[in-house]
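Here is a briefing for a reader who is meeting this structure for the first time. Please look over the sequence and the model before reading on.

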Amino acid sequence: MTEPSDQQLIDAAIAASQHAYMPYSNYRVGAALLTADGQVYGGCNIESVSFTPTVCAERAAVFKAVSEGERAFSAIAVVTRDAGSPCGVCRQMMYEFAPDLRVILADLNGNVHLVTTLRELLPHGFGPMHLDESES
Ligand code: THU
């Protein structure tokens, strides 16, 4: 299987964004998460009238993938109208599985605004390695 290009990943994120449920913010987000073996999982933001339960597109994609048995990820494309950056909660959740994740930020027209890494977005992150050692 050939690895999808950044542009294909962005297209998958745009397709996922069509399913966004965002009646309160009107801020559409789509994500496409690439696994180490070339599978793509889409995600969109899903809002709640009580606000707190709202799930971002990035976490929707991570939850879909992990619940299908995936744990290794190489890249994520995120699309919004202004190529907005993943929120702190999503950065932390992605760091759990893929601290070296490549992060592609694009707008809803498919224009790339930034290609970076999760380590850039979450420097000195708290990860599973911190809980590896038993208490002494
Ligand atoms: N949102 C995301 O889906 N991803 C982010 O990283 C930033 C915020 C969503 C949550 C909410 O539905 C809307 O964007 C406005 O905050």
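**Aromatic pairs and the ligand site**

F51 counts as exposed, at 55% relative accessibility, where exposed means over 50% relative accessible area, buried under 20% and partly exposed in between (1.4 Å probe, protein chains only). This is a predicted model, in which local features need pLDDT of at least 70, side-chain atom pairs count only at pLDDT 80 or more, and totals for chains, interfaces and linings use all residues. Residues are numbered from 1 along each chain as its sequence is written, and side-chain values use heavy atoms, with hydrogens and water left out.

Aromatic pairs
- The whole structure holds two aromatic pairs (ring centres within 6.5 Å; planes under 30 degrees apart are stacked, over 60 edge-to-face, the rest tilted; rings of Phe, Tyr and Trp, the last by its six-membered ring).
- Y24 and F51 form a tilted pair, 5.8 Å centre to centre with 50 degrees between the planes, and Y24 is partly exposed, with a relative accessible area of 41%.
- The rings of F73 and F97 are edge-to-face, because their planes stand at 90 degrees, with centres 6.2 Å apart.
- F73 counts as buried at 11% relative accessibility, whereas F97, at 25%, counts as partly exposed.

Ligand contacts
- An N or O atom in the side chain of E47 is 2.5 Å from an oxygen atom of the ligand, a polar contact being a pair of N or O atoms within 3.5 Å.
- A backbone N or O atom of A57 lies 2.9 Å from a ligand oxygen atom, while the side chain of E58 has an N or O atom 2.8 Å from a ligand nitrogen atom.

Conventions. Polar contact = N/O pair within 3.5 Å; in protein donor to acceptor, adjacent residues only side chain to side chain.
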